[in-house]
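Here is a short report on side-chain packing and charge pairing. Keep the 3D view open while reading.

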Amino acid sequence: MSQFLSRLGLRSCFVFTLVLACCSFASGQSEEIGNSPADPIKLFEQGQDAHAKGDYKLALEFYEEAIKLRPEFPEAEFQRGQALVPLNRPEEAVLAFRRAIGLRPNWALPYAKLGFLLFRVMNRPGEAEPVLRKALELEPKNFAALFELAVLRQSAGDLSEAISLFKLATTTKEAGLSTWDALGATQMGAGDPLGAIASFTRALSLQPGNDGPMRRRAEAYILVGDNQRALADLRALHLPATPTPQDTHHILDVAQLYLRADSKNDALRLLDTIDGSVRNHPEVVAFRYQVDPSSTNVADAAASLQKLLEKDPRNATLLAQLGALYRTQDPARAIEYYKRAADMEPRNADYATGYAAALVQARRFGEATEILRRILTVAPEHYAAHANLATALYEQKRFREALAEYNWLIKAKPDIAATYFFIATAHDFLGEYVPALTAYEKFLAVANSQKNQLEIEKVNLRLPALRNLIKRGDGAKTAKH
């Protein structure tokens, strides 16, 4: 995410507009130099004209001529620094900004630009941070300094301050789609998908149909269990009708979101659009297995992912994909891969949940329960985490706690028959026969005769005895709370 924020800021958030704060200087000296052939103000203005046209070399020449005539000219020093940056002369730009600061210590703008230069261009965040904070001390709602310091703190792992700074940046007149989008991305990283949804929605209100925040909002909807809205966003993305090989990564990224939103058909549809020349690429083969296991075998898919992992051993996404590949067939290997992914990106709730799910598959229910409870403290709407926690608690015969999770699952997705089956059996084990009967009957009403055949047979065998128990008044008539 920090790379995304870096690109976001570089692209759209630092268009500085110079306002000549020394109007009194210009007017007061007009009689002396206004008609002179060597007029620093006119040279400065010519520099700005060239600057606006992208002729940075010519602009620099005008600024430097102006400074020769008027050595104490902070605006010209600032613009000189601005022109030096695209000319790839960052050290000289630093000196120019520092010179502007020395000439006008209470001017926030050169501090903000200097901080940007030190952080983004020269990769010196330790020097950049105090400079940016000084800019905000002078001008607390300086948009450029707020945004840049937010990105810096986000890259340092301080998501709390980054969010606070982004929020303050959204209150300025310069705030736009990029500001709200960056706030949403940081909220996602901090485990606040609901807050992120609100931020992405605000970004889209400023530029409807923008693919960036719309794709990220779809992911946030998935995390809160709202697959319908997620699918609406995904289907509105502007994907190429005939993707080139260069589009493959983006296509796979969207297909992965379709899969997480329980729409395998959409995921397969996207996979079928991938250019034929890259359909045998390891990443494509591995993902196709994940979507449609019948299309290839585990060994081929695993070999494909391993080839990619050899080239990029710290790729958390590949590690998580291997974890998903092995989860049901080799839980021990799945645990290893998911744990490595989660260790690399500890704030990623999906990786942590995958790790816990592999522990459940390995019947290490106690460990899984502890991890899943921690996940739900930071991602309380994570459906897969609730589902695995319900299973872990049920298998430990902690039926009362399991029921709380199954009831949450029913509210999130009321059409999944298996959930009613486990609710019914949990009540049955607790001797709560009336709610057990209600849940069994609901299960039969929504169950699929083929998919749920075994469970249907078990329920039909249980119901006569259960009804007799209720008639006799045995067991608890209602669930205990």
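By about how much of a helical turn are Glu77 and Arg80 separated in helix 6? This is a predicted model. Glu77 and Arg80 are three residues apart in helix 6 (residues 74-84), so about one helical turn separates them. The two form a salt bridge, with their closest N and O atoms 4.0 Å apart. Glu77 is buried, as is Arg80.

**Salt bridges**

The count of salt bridges comes to 37.

| Pair | N to O distance |
|---|---|
| Glu77 and Arg80 | 4.0 Å |
| Arg216 and Asp181 | 2.6 Å |
| Glu219 and Arg215 | 3.5 Å |

Arg216 pairs with Asp181 through their side chains. This pair links distant parts of the chain: Arg216 sits in helix 14 (residues 211-223) and Asp181 in helix 12 (residues 177-189), 35 residues apart. Arg216 and Asp181 are both buried.

Glu219 and Arg215 lie four residues apart in helix 14, so about one helical turn separates them. Arg215 has a relative accessible area of 15%, which means that Arg215 is buried. Elsewhere, salt bridges with shared partners join Glu129, Arg133, Arg153, Asp158 and Glu161 into one network.

**Nonpolar cores**

The largest nonpolar core holds 67 residues; Leu322, Leu325 and Phe443 touch the most other members. Helix 22 (residues 349-361) gives this core its largest share, eight residues. Leaving aside residues up to four places away in sequence, Leu325 touches Tyr289, Val298, Ala301, Ala302 and Leu305. Another core lies apart from the largest one. This other core has 53 residues, including Ala66, Val94, Ala100 and Trp107.

Technical notes: Residues are numbered from 1 along each chain as its sequence is written. This is a predicted model: local features need pLDDT of at least 70, side-chain atom pairs count only at pLDDT 80 or more; totals for chains, interfaces and linings use all residues. Side-chain values use heavy atoms; hydrogens and water are left out. A nonpolar core is a set of buried Ala, Val, Leu, Ile, Met, Phe, Trp, Tyr and Cys residues joined through side-chain atoms within 4.5 Å. Buried means under 20% relative accessible area, exposed over 50%, partly exposed in between (1.4 Å probe, protein chains only). Helices (H or I, at least four residues) and strands (E, at least two) are DSSP runs, numbered from the N terminus. Contact means heavy atoms within 4.5 Å.
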